[in-house]
Amino acid sequence: MRTNRPPRPITELSHPLRVHGKAFHCGNDPFWVKAVTFGPFPAGHFPDEGMSELGRIRDELGANCLRLFEVPSLDFLHACAQHNLRVFITLPWTQHIDFRAARRAWEEAKLALVETVRSLKGHPAIAGYFVANEIRSDLVRFMGESWTRDRLEELIQLGKSIDPEVLFSYANYPTTEFLIPRNQDFFAMNVYLEEKEAFSHYLQRLLALSGDKPLLLSELGMDSLRNGPERQADTISRSVKDAAQLGAAGVCVFAWSDAWQRGGETIEEWAFGLTTAEGRAKPALAQVSESWGAWQRPADLINTDKLPKISVLVCTYRGSATISACLNSLLALDYPDFEIIVVNDGDDARVAEIVEVEKAVTLIATEHIGLSAARNLAASHAVGEIFVYTDDDCVAEPDWLLHMAEGFAQHEEIAAGGGPNIPPAAASVEQALVQCSPGGPAHVLLTDQRAEHIPGCNLAVRREAFEAVGGFDERFRAAGDDVDFQWRLLAAGYAIGFFAKAWIWHHRRATFAAYRRQQQGYGRAEALLIEKWKERFPALGGAVWNGAVYQSSPFFSSVIYRGEWSSEAFQLATIVGPEAFWSQRLHPLWVVNGGVLILLGIFIPGLFLVGSAALILTLVAAWVLARANLVASGLTGAGPKIHLAKLWAQHGWNRAAVRLKGSRRYIGWRDLWQAHKELFRAFETYPRLGYALRLSQWWGRGDDTQPQTPADRVKAYRQWSQDEQARSSWRPDITGESDLLTAYNLLGIRYRLLSAAEYHAEGMNLLLKIRAEAHPALLWCGLLFSLALPEPGILLASALWSVALASSFIRVLRYRSQLEKFLSKPGKKVASSEE
């Protein structure tokens, strides 16, 4: 179908905004987003939609972007383009309700996105879209975190299919920081923190959570009505500057004007604007403008007076295909005092030919001595105070060394440090699938600013610390040397820093064969690490880290700290759970056990079915992990999923099996027993199957009995149930996963009660959900009995499941009856449905 594109206005906006690692670019130039929210305004406040204000926003404030909460007219977008202002549009739809149950609202949201993106496609002022803004935490929990995230991803994918040239994201807030769409182009968070230290610490966390993507603070502001205009000015201008210094890719100040409306009502009890409702400038306008005008890129804020001399060390082994791009980027570094040393490990003639052309580069040729020895050799020729190691398949950004030096200057107590390594856009589908595969280089963080491990492709170390621990262990010839080196630093009492701004491009392997060889090399290196650090490799698994391994696109965040009654303002996520369950099904030991059971099935037929089920579970695990990791790549269709599932299934043999083979003399019976315990421990917590019954209760506007929060109503219900019964089975869920829950009964069933609220102009709709949940052991034990002892096992399992289902259904109906009795009061409407 042919789309009529909007007429193109006269503008200097010739390139679309695009993502460039953890930053934004326009064309080849860095672009730091300096935005302000604009509207929604009370009806008639600006007869021209506010177009008369655009000149002030560009010239007086110095902004380069707007964030809108309504879809603008083409005339308004033309005016923005003429003032060289880019626009982020927040798509308005009814996200304040349970749109899992209200399917019509969800379908209308998709239709609105399609119509908006299609009608504005190609307009030079469009920078991107927010598919939603701050879906409330109680609704996210009520609908399900994974389901909600999947729907956001569906909207993003739908928008990209219509206009792949613009950016898409979800404007999140701290209470649901775990809600991270995997296919969003950048990480957006609305942050209102007034204290400098709290703001800085939380921003460091967001930089880590954002992975390989830019961080945009999609709202940042302060109410001048309660805090005063001067404090508002000081806080916002300081926060804007701090965000740039810490590594954010942009900030959106909330808001341009105090004139603001929500749901058709003018808001007069807040005053977040940089201008008054009458249009007069507040002190914040001038101070934010001064802050933005003082720099064009974050590196301009770095004090360059006393920067240390840095030695950039590159070790290459037959790297002629990539060394040229690496050197070109290093020679273009914006740093006053540094040297480049290249060690040609193996004395490759083609590498020598490329490097010798660059007179500013010191070339050291040697026979093939291995990576660790080459790194030590480079250090022995270096004269810098800080050694910065990178690989021949890496490409540096111009400000890379400035950010690295800044990290050491701000934290004198650290001995080593580094930042993320980000894969550039894949050159082929094969390389894109490799990027989605496990085993890539990742940093391990103890805190948001302290690391346990930084990959050696982006690792810096002070000379004195390097010499104190004796450099790299030369028994590591291809990999593992950086892990061993940093563990020795930590053991010696040194600290390792994480510098989110000091990121570097790092190409992943281009073919499946190269990827398999890389993972086998990692397995051999881990076998050497086991020889030195046996305590770090318990049982038969990989290394055990004290910190968290950060992934570029985490897809399971099943353990969320919400606080009791889900009241925690910053609901932190730990990336564990289902991912661990599925990953363990790919471990060679699991596969071997399945094969052994199949062989034993020759003598005991039931074991054949158990072993076959174990291997089928391995295939299912590969498919689940491949499908989840493929979301961020944008690849669709069965073909990429099948290829990626093969890579995931083979990974255990490519790496873990090689590791086990190389370290078999260090493995005892205790390790085997512990490994089996680890393999089966996940069955205690996953999956949790169940069903739910949904109730709702309506309060009209102005009703004095309306609760302040849904949790208040649930607390009242629990007190009422205790008064009605001698002993209530409900107790508060301290994790916040639900409001109330019961203990597991003898049949392995427990019950949860969740609440949420839909706020409408006419009143509030209280949502309640009773969920019956089976203990995972109930599922797995029944399945095991059915497979091992086909006839009696199937009968036993069927009887057990039938009794459990019937009893749970009766109990759910009983709880519903209790709730309806509690909720039914004059003038209240109670409705229920099953899920």
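In this predicted model, the side chains of arginine 297 and aspartate 334 pair up in a salt bridge, with N and O 2.7 Å apart. The two come from distant parts of the chain, 37 residues apart: arginine 297 sits in the loop between α9 (283-293) and β14 (310-316), and aspartate 334 in the loop between α10 (323-331) and β15 (338-345). Arginine 297 counts as partly exposed because its relative accessibility is 25%, and aspartate 334 gets the same label because its value is 34%.

Another pair, aspartate 481 and arginine 375, has its closest N and O atoms 2.6 Å apart.

Lysine 501 lies in the loop between β24 (495-498) and β25 (504-506), while glutamate 406 is part of helix α13 (residues 400-410), so parts 95 residues apart in sequence are tied together. The overall count comes to 47 salt bridges.

Turning to the surface, a nonpolar patch is made up of Val592, Val596, Leu599, Leu600, Ile602, Phe603, Ile604 and Trp653, which together have about 820 Å² of accessible area. Helix α19 (residues 588-600) is the top contributor, giving four residues. Isoleucine 604, for its part, is found in the loop between α19 and α20 (605-630), and it is classed as partly exposed because its relative accessibility is 46%.

The C-alpha atom of serine 808 is 9.6 Å from that of glycine 690, although 118 residues separate the two along the chain.

Then there is the second largest pocket, with about 1,600 Å³ of space. Its lining takes in 44 residues, and His96, Asn133, Trp260, Arg262 and Gly263 lie nearest the centre. Strands β7 (126-133), β12 (261-262), β32 (749-760) and β33 (763-774) each give two or more residues to this lining. By class, the lining has 21 nonpolar, 14 polar and nine charged residues.

Key: Residues are numbered from 1 along each chain as its sequence is written. This is a predicted model: local features need pLDDT of at least 70, side-chain atom pairs count only at pLDDT 80 or more; totals for chains, interfaces and linings use all residues. Side-chain values use heavy atoms; hydrogens and water are left out. On a 1 Å grid over the protein atoms alone, a cavity is a set of points where a 1.4 Å probe fits but cannot get out, and a pocket is an open set with protein on both sides within 12 Å along at least five of seven lines; lining residues have an atom within 4 Å of a point. Grid points are joined across faces, edges and corners, and a volume is the space filled by probe spheres set on the points. Ala, Val, Leu, Ile, Met, Phe, Trp, Tyr, Cys and Pro count as nonpolar, Asp, Glu, Lys and Arg as charged, and the others, Gly among them, as polar. Patches are made of residues with over 30% relative accessible area and no salt bridge: like charges are joined within 9 Å, nonpolar side chains (Val, Leu, Ile, Met, Phe, Trp, Tyr) within 5 Å. Accessible areas come from the Shrake-Rupley method with a 1.4 Å probe; for residues, only the protein chains shown count as cover. A salt bridge is a side-chain nitrogen of Lys or Arg within 4 Å of a carboxyl oxygen of Asp or Glu. Buried means under 20% relative accessible area, exposed over 50%, partly exposed in between (1.4 Å probe, protein chains only).
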